[in-house]
Amino acid sequence: MKIQSIKYIWAAVLLGMLFTSCLGDLDTEPLNDKKLINTNVYTTADGYRGVLAKCYGSLILNGQDGPDKDGDVGGMDTGYSGYTRSLFYLQECSTDEIVLHSGSSQGSWDLLFMNWNQSTKIISYSYYRLYMTINYCNEFLRESTDNNLKNRGLYDELKDEMPYYRTEARFIRAYCYSMICDLYGSAPFVDETMVIGTIPNQVTRENIYNYVVAETEALATEMKPAGTNQYGRVDQVAAWFLLSRVYLNAEAWVGKNEYEKAYQYSKKIIESNTYPLASDYRHIFLADNNACKEIIWNLPQDGVNTINSAGTNFILKALSNGDMNVYIGLSNSWGNARVKTQLVDKFSPADQTFNINDPWGDNKKDKRAQFYTPKHTKETWIVGSNFQATKFENGYACLKWRNMTKDRKTLADGGTTYSSIDYPVFRTADAYLMAAEAILRGASGSRTQALGYVNEIRDRAYLSGAYGNGASGRIDDSQLTLDFILDERARELHTELVRRTDLIRFGKFTKGYNWDWKGSDGTVGNYIGKDVNDKYNLFPIPQDEFTVNPYLTQNPDYINK
């Protein structure tokens, strides 16, 4: 089933298009037989499907000839440039969740210490990946007009499905711009109407925000109905989710109170029940999660056809090491990331530690507390020492992601070398928490309703109530605060690439809440964390962009070199 679902995504690699830069024109000549020019790609219906699949696949794969070969993004480290890996660095490693000790030359320690600048290499990977994907979508939309289909004799064959293909390309582009808005704020804007080769002008963060909401509002009525699309492709519910997320962050991003809209779209996701909560939290992050109905939008991964050093393969291997391999279904791992004490301490002490006789945490109350603790200390530091770059045991490891099936077996197909876990970009539990938060911030739902949303998530986490006979994890109204929601989001969504965004929305990213190594220089005694400059609420536009685009202005307080 999973192999079938990624067929077109892998085919798209063979139809890949090169860009001279993130905002450059299409090359007109093939550099090898796997990179075809326009006239070859757009002669068949499968050619069009392949390019659409490349729009999806650019968020999954990192090169044209895997694993980690012939990278999509020129001049970038191929492994680092994969989308979910590059976003993991920015959204997790700059927060209270993850400490990553490897790759200091790329800038991972700058994220750990929160002292990055516009030349920090690791900051640029998401920027270029997002714009590359935007350009793939623009190219598809430019070439898939009715006139082009008619001129190429493909209109009759594609006229029924092409409108949906186009909405999906538009959705992926809108999603990418939402991430640009989140991460970088003011940035260049380019769409399919611009003359090829034109250097795009920079627009304000509010312009990008307005584009995303207007485009996605339109798509919410134009995309395939809920639950009717092919596995791995998006439908209307994905548009509802994107709108929920963008509206929830509107005040932090552009100073607009849109919590009512965030609530209404989140509630719509919940009440549609097209993507119901999984019966067990742990099932969402397994190698057979293609059968998990909770995932609204996934990035399919496969241990045979999508092997690379990004995606869930990176997340899985970075968060584990050799001693853990038997518990996560891998034959090898890297052991270069672990969780910070602040994340661990959001769980009950009784649930924090690993029991070799209970490796899946069946006897824990909160099944989301999936940490590996043998030989590890909870602390990410050694008292009296500088930051220990090579010490994987400083900090608990994470067992949330497992390359195993629900029956707790390794895969017969795909093996144990690479991950076969599909990455959940959007899932319904997040909608429950967004709805509850929006209500607490002033949306029209009642506190009783918000409490019900939170307790539904906690029932599932504890396998209690409708989900099993476990001890209850429910809270009462007196415990329902915005601070509780923020912590609950960490418990539910850790390592799912939203933590930085959450902390900024709650006003706790740069000041007022500190964690291991924040604002430190890595030297003796400086591991506790401290407040930092508010400029870090946005990442800088990569310095290299200023050499090719004269219309750019750097984000405040980052000095152009």
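**Gln449**

Helices here are DSSP runs of H or I with at least four residues, strands are E runs of at least two, and both are numbered from the N terminus. The model is predicted: local features need pLDDT of at least 70, side-chain atom pairs count only at pLDDT 80 or more, and totals for chains, interfaces and linings use all residues. Residues are numbered from 1 along each chain as its sequence is written, and side-chain values use heavy atoms, with hydrogens and water left out.

Buried is under 20% relative accessible area, exposed is over 50%, and partly exposed lies in between (1.4 Å probe, protein chains only).

I then listed contacts (heavy atoms within 4.5 Å). Setting aside neighbours within four places in sequence, Gln449 touches Tyr263, Lys267 and Ile439. With Tyr263 I noted a side-chain polar contact of 2.8 Å. A polar contact is a pair of N or O atoms within 3.5 Å; within protein, one must be able to donate a hydrogen and the other to accept it, and residues adjacent in sequence count only if both atoms are side-chain atoms. I also checked Ala239: 210 residues from Gln449 in sequence, and 23 Å away C-alpha to C-alpha.

The expected span is 1.5 Å times one less than the number of residues. In α10, 19 of the 22 residues are buried, so the rest of the structure largely encloses it. Just after α10, I noted a positive phi of about 75° at Gly185.

Helix α4 covers residues 45-57. Its 13 residues should span 18 Å, and the end C-alpha atoms are 18 Å apart, which agrees. Of these, 11 are buried, so α4 too is largely enclosed. Among the buried ones I wrote down Tyr48, Lys54 and Cys55.

**Whole chain**

I count 22 helices and eight strands. The radius of gyration (over C-alpha atoms) is 23 Å. A compact globule of 561 residues would have one near 24 Å, which agrees; that rule is 2.2 Å times the number of residues to the power 0.38. Buried residues make up 63% of the 561. Of contacts between residues at least 6 apart in sequence, 70% join residues at least 24 apart.
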